[in-house]
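Work through the exercises below with the model open beside you. Each task is followed by its solution.

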Amino acid sequence: MDKSIARFLQYLVAEQNASEFTIKSYREDMTALKEYLLVSHHGILPKPAKITLNELRAYVSAMNEAEYSSATISRRLASLRSFFKFCQREGEVEINQAKFLRNPHRSRHLPHFLTTDDMKRLLGAPSADTQSGLRDRAILEVLYSAGLRVSELVGLNDGDVDYDEGVLTIRGKGKKERLALLGSYAAEALMDWEKVRNVLPQLKKGVDTPVFTNRFGSRLTTRSVGRMLDKYLKITGLDLRTSPHTLRHSFATHLLDRGADIRSVQELLGHKSLEATQIYTHLSTANLLTVYTKAHPRAK
């Protein structure tokens, strides 16, 4: 089993070009399965061919009894299907038993987002008189303007920015590339930041130079961006639940509220399926209902 899992993870890297985050998630999911099997098999780890459908169903039941969220169970089942599909391809199992497992019903919570007024307050919070303030304003403007994931933001290099066309080249999930649009406010904030960033003595200029750096000229981390955002949430008094991903939610919601079609929003977000984007139509509808209830004299 251990060898099969190791080969599977290597396959994801070599042939599927999976990201480090994806590999980490698969490894955690396979470790969880191994821990369950070790208990059910009294300390002996079985080969993949010895794992039955009933045993996998019992594993799902155990996760339900342990009150794992439906999202976690669904993700683990997806990992199992991929693993046993790989084992089938390698001739280790005859049938992918995991493909017969059903995902639990998944209740989708509407994602938290900021209003346009809240966004104005947040974007205006960083100081324009300090190096860190110029950088922070550029980060917030780019996150909101382009609808980026924070990992995509910190991964930006100078060669990914095209001011003439107003676009960014983004390497998203699975290292797939897409183009993101850079609004005028974001472009101006980014140019203001680059002027002060370029004088950092430690910075090595080139197409692979990170767009966003710390004061030592090193690439920012996602955690650093999160801490930076927390600081401005406290300054502005905005909802402390707000995360860098909230700006991505706000980006999509505001576009749909102003008439953008859902296929265009899907493309801008880099979503593989339309289903992932449709959550924002619920947000938009909820917003319309609130406006209607407040404004129409016979709504109540």
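Angles under 35 degrees count as roughly parallel, over 145 as roughly antiparallel, 65 to 115 as roughly perpendicular, the rest as oblique. Helices are DSSP runs (H or I, at least four residues), numbered from the N terminus. The model is predicted: local features need pLDDT of at least 70, side-chain atom pairs count only at pLDDT 80 or more, and totals for chains, interfaces and linings use all residues. Residues are numbered from 1 along each chain, and side-chain values use heavy atoms, without hydrogens and water.

**Exercise 1.** Classify the packing of helix 1 and helix 2.

Step 1. Take helix 1 (residues 2–14) and helix 2 (residues 20–40): their axes come within 10 Å and cross at roughly 165 degrees. Axes are lines fitted to C-alpha atoms over the stretch in contact, and angles run from 0 to 180 degrees between N-to-C directions.
Step 2. The two helices are therefore roughly antiparallel.
Step 3. List the contact (heavy atoms within 4.5 Å). Helix 1 gives Asp-2, Ile-5, Phe-8, Leu-9, Leu-12 and Val-13, and helix 2 gives Ile-23, Tyr-26, Arg-27, Met-30 and Lys-34.

**Exercise 2.** Do likewise for helix 10 and helix 11.

Step 1. Helix 10 (residues 244–257) and helix 11 (residues 262–269) pack at about 160 degrees, axes 10 Å apart.
Step 2. Helix 10 and helix 11 are therefore roughly antiparallel as well.
Step 3. Arg-248, Phe-251, Ala-252, Leu-255 and Leu-256 of helix 10 touch Ile-262, Val-265, Leu-268 and Leu-269 of helix 11.
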